[in-house]
Each structure stands twice: as C-alpha cells, then as structure tokens.
Amino acid sequence: MSPLSSFTFVRHTDGLSHHFERAGERHGRPAFRRTDGNVWCVWSPTDGWHCEISDGLVTAHPLGGRADGPEPPATVWRSFKNDRSYLYDLRTALGAE
C-alpha cells in the first residue's frame with residue numbers, strides 16, 4: 001500500500017468538497033494542506049488526527065473519537081467553527097480505507 005498523497009472531505013448536507021494534498025510532516029507523520037486555503041489536517045500527540053487553521057485552532061476531528069493511525073482515517077469527521085458544525089466523509093483517491 002502506497003502512502004496517502006491526497007484526499008477530499010465531502011460535506012454530507014450538500015456535497016461541498018475540500019481537497020487536501022500532502023505537504024511535509026508534523027510530529028513524524030504526514031501533514032496535509034487544503035488546496036484552497038490555510039487549513040491543515042495533521043496529527044499531534046495531544047489531539048490525534050485533526051484539522052486546524054493557521055492560528056492553531058482545531059476545527060475538525062474524526063467523529064468516532066481520537067484517531068492515532070499513521071494517516072488520517074477515511075471515516076466521518078465533524079467540523080466546528082463558531083456556531084456552525086458539519087459532517088464530512090474523508091475520501092481517498094481510491095475511495096477505500
């Protein structure tokens with residue numbers, strides 16, 4: 001199995017997609033940056049896999065709880081920012097995981 005190089009978050013309510021591509025590493029694991037903005041999907045020892053914006057504010061987590069695998073899990077994620085919250089599917093290029 002080759003390392004994950006990109007993935008897409010697809011919002012449940014309307015199909016809105018956000019594409020992420022690998023952009024280096026953080027804490028010894030791959031880091032992924034959203035192609036249209038400064039949003040990162042990264043792993044940290046305190047938060048596991050999560051998304052954060054440029055000031056370090058965490059904005060999304062896998063819905064099932066903390067994820068510590070070698071790559072972000074292809075599962076449902078919950079985003080939250082201000083008074084909004086959405087569910088997204090993390091989909092890899094192969095659509096599997």
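Me: Leaving aside neighbours within four places in sequence, which residues is Pro70 in contact with?
Reply: In this predicted model, Pro70 sits in the loop between β6 (58-62) and β7 (76-81), where strands are DSSP runs of E of at least two residues, helices are runs of H or I of at least four, and both are numbered from the N terminus. Contact is taken to mean heavy atoms within 4.5 Å. Once the neighbours within four places in sequence are set aside, the partners of Pro70 are Arg29, Pro30 and Trp49.

Me: What confidence should be kept in mind, and what is the mean pLDDT of the protein chain?
Reply: Residues are numbered from 1 along each chain as its sequence is written, and because this is a predicted model, local features need pLDDT of at least 70 and side-chain atom pairs count only at pLDDT 80 or more, while totals for chains, interfaces and linings use all residues. Side-chain values use heavy atoms, with hydrogens and water left out. The pLDDT is the predictor's confidence in each residue, from 0 to 100, and among the elements it has its lowest mean in β7 (94) and its highest in strand β1, residues 6-11 (98). In the protein chain 94% of the residues score at least 70, and the average pLDDT is 92.

Me: Is Pro70 buried or exposed?
Reply: A residue is called buried under 20% relative accessible area, exposed over 50%, and partly exposed in between, using a 1.4 Å probe and protein chains only. Pro70 has a relative accessibility of 65%, and therefore counts as exposed.

Me: How many strands does the protein chain have?
Reply: Read along the sequence, the elements follow the pattern β-β-β-β-β-β-β-β. There are zero helices in the protein chain, and the number of strands is eight.

Me: What is the radius of gyration of the protein chain?
Reply: The C-alpha trace spans about 35 × 30 × 25 Å along its principal axes. The radius of gyration is taken over C-alpha atoms, and the globule rule is 2.2 Å times the number of residues to the power 0.38. For 97 residues a compact globule would come near 13 Å, with which the chain agrees, since its value is 12 Å.

Me: Which residues is Ser79 in contact with, leaving aside neighbours within four places in sequence?
Reply: Ser79 is placed in strand β7, and it is buried because its relative accessible area is 16%. Beyond four places in sequence, its contacts are Thr59, Ala60, Arg84, Ser85, Tyr86 and Tyr88.

Me: What is the phi of Asn82?
Reply: Most residues other than glycine have a negative phi. Asn82, in the loop between β7 and β8 (84-92), is exposed with a relative accessible area of 72%. His27, in the loop between β2 (17-26) and β3 (29-34), has a positive phi of about 55° without being a glycine. For Asn82, also a residue other than glycine, phi is positive and near 55°.

Me: How far apart in space are Asn38 and Ser54, C-alpha to C-alpha?
Reply: Asn38 is in the loop between β3 and β4 (39-44), and its relative accessible area of 35% makes it partly exposed. Beyond four places in sequence it touches Arg33, Glu52, Ile53 and Ser54. Asn38 and Ser54 are 16 residues apart in sequence, and their C-alpha separation is 6.0 Å.

Me: What is the C-alpha separation of Thr92 and Thr8?
Reply: Thr92 is found in strand β8 and counts as buried, because its relative accessibility is 10%. Thr92 and Thr8 are 84 residues apart in sequence, yet their C-alpha atoms are separated by 6.4 Å.
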